[in-house]
Amino acid sequence: MFYFWLVLIIFLGILEAITINLVSIWFVISGLCSLILSFFTDNFVLQFGIFVVGGIILMLLTKENIEKKLLKRKEKTNLDRVIGMKGIVTEEIKKMEVGEVKVDGKRWSAISSKNLPKGSTVKVLKMKGVKLEVEEWEE
């Protein structure tokens, strides 16, 4: 059984290197446990049970934490940074019709759920494509 587990570990290790999905790595580790167990017992059912149960437990307990550490944090782009900023309406915005606002020294197309007259102060809520969704600034 030693050679079976060794070939399986190598295969799963190569599969993990190719896919980078953090799935087969847990079974590589549980395969190592089964390989070590094969030195002490010839019971394949027990070895296979350790392989399957161990791999699933390892995946469930650690995958989420490791993915959080490996995934890069989303960096704000120049576009994202205007969200939450204060702006001035430069062209009247009618309810759900496109107007224009000036935010961070740049002019943007904007929409709002309310009518906003020219000169109003607004807060940027989010971006919808190339338009900003804004609301009246409340002090």
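**Salt bridges and paired strands**

Lys128 is partly exposed, with a relative accessible area of 42%. (Buried means under 20% relative accessible area, exposed over 50%, partly exposed in between, with a 1.4 Å probe and protein chains only.) The side chain of Lys128 meets that of Glu133 in a salt bridge, 3.3 Å from N to O. (The term requires a side-chain nitrogen of Lys or Arg within 4 Å of a carboxyl oxygen of Asp or Glu.) Glu133 counts as buried, because its relative accessibility is 18%. Elsewhere, salt bridges with shared partners join Arg81, Asp104 and Lys106 into one network.

This is a predicted model: local features need pLDDT of at least 70, side-chain atom pairs count only at pLDDT 80 or more, and totals for chains, interfaces and linings use all residues. Numbering starts from 1 along each chain as its sequence is written, and side-chain values use heavy atoms, leaving out hydrogens and water.

How many salt bridges does a search of the whole structure find? The search finds four. One of them links Lys106 with Asp104, the closest N and O atoms being 3.7 Å apart. Lys106 is partly exposed at 44% relative accessible area. Asp104 is partly exposed too, at 33%. Another salt bridge joins Glu100 and Arg107, with the closest N and O atoms 3.0 Å apart. Arg107 counts as exposed, because its relative accessibility is 55%.

Now follow the strands. (Strands are DSSP runs of E, at least two residues; helices are runs of H or I, at least four; both are numbered from the N terminus.) Strand β2 covers residues 99–103 and is mostly covered: four of its five residues are buried. β2 pairs with strand β1, residues 86–91. (Pairing takes at least two DSSP bridges.) Four bridges join β1 and β2, and the two run antiparallel. Val89 has Val101 of β2 as its bridge partner.

β2 also joins strand β3, residues 106–111. Five bridges link β2 and β3, again antiparallel. Here Glu100 stands opposite Ser109 of β3. The hairpin of β2 and β3 has two residues between the strands. Asp104 takes a positive phi near 55° in this hairpin.

Last, turn to helix α1, residues 2–19. Leu6 is found there. Leu6 counts as partly exposed, because its relative accessibility is 34%.
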